[in-house]
Amino acid sequence: MKLDQAQRRILALLQQDSSLSTQNLAEKVGLSPSPCWRRVREMEEAGLIRGYVALLDRHKLGFGTCVWVRVKLKKHSADVLDRFENVVKGCNEVVECYELLGETDCLLKLYLPNLDAFSTFMHNFLLKLPEVDVTHSSVALREIKNETALPL
């Protein structure tokens, strides 16, 4: 879908504050409310806007530890990857998971209360998965940048 300037501005504003009313959004974009609403609806229907969420402060909620886990699977086959994916999708501690090219098969991002919780996750979940061969973990010391907005 080719985006015009107004659509780009609408998306940028919604990424900053998805609770903006159509009236406020239209004023900021320089459109009247009806055309603005139609453009938003059109982008929702096209799948450009997947949904609206509240961004939570993980530290205030007790998830101060961020860990990246690189996972090498025992075997490279579609069924092994499918089983691993299905289990990981159901795990609340995993907030992101990527399949990679190279020596590592998957990269997991976890938000946890502390390192004890990470140890529990590893021993009671990840290392018990029959598909997992080797893991390597990195603990974030501090967060320098964490953006959810896409560069438009």
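**Reading a pocket and a ring pair**

User: By class, which residues make up the lining of the largest pocket?

Analyst: The lining of the largest pocket has 17 nonpolar, eight polar and nine charged residues. Here Ala, Val, Leu, Ile, Met, Phe, Trp, Tyr, Cys and Pro count as nonpolar, Asp, Glu, Lys and Arg as charged, and the others, Gly among them, as polar. This is a predicted model, where local features need pLDDT of at least 70, side-chain atom pairs count only at pLDDT 80 or more, and totals for chains, interfaces and linings use all residues. Residues are numbered from 1 along each chain as its sequence is written, and side-chain values use heavy atoms, without hydrogens and water.

User: Which residues are the closest to the centre of that pocket?

Analyst: A pocket is an open set of points on a 1 Å grid over the protein atoms alone where a 1.4 Å probe fits, with protein on both sides within 12 Å along at least five of seven lines; lining residues have an atom within 4 Å of a point. Of the 34 lining residues here, Q15, V53, L55, T148 and A149 are the closest to the centre.

User: How do I read an aromatic pair?

Analyst: Two values describe it: the distance of the ring centres and the angle of the planes. Ring centres of Phe, Tyr or Trp (its six-membered ring) must lie within 6.5 Å; planes under 30 degrees apart are stacked, over 60 edge-to-face, the rest tilted. This structure holds one such pair: F121 and F125 are tilted, 5.2 Å centre to centre with 40° between the planes.

User: Is F121 buried or exposed?

Analyst: F121 is buried (under 20% relative accessible area; exposed is over 50%, partly exposed in between; 1.4 Å probe, protein chains only), because its relative accessibility is 4%. T65 is also buried, at 12%.
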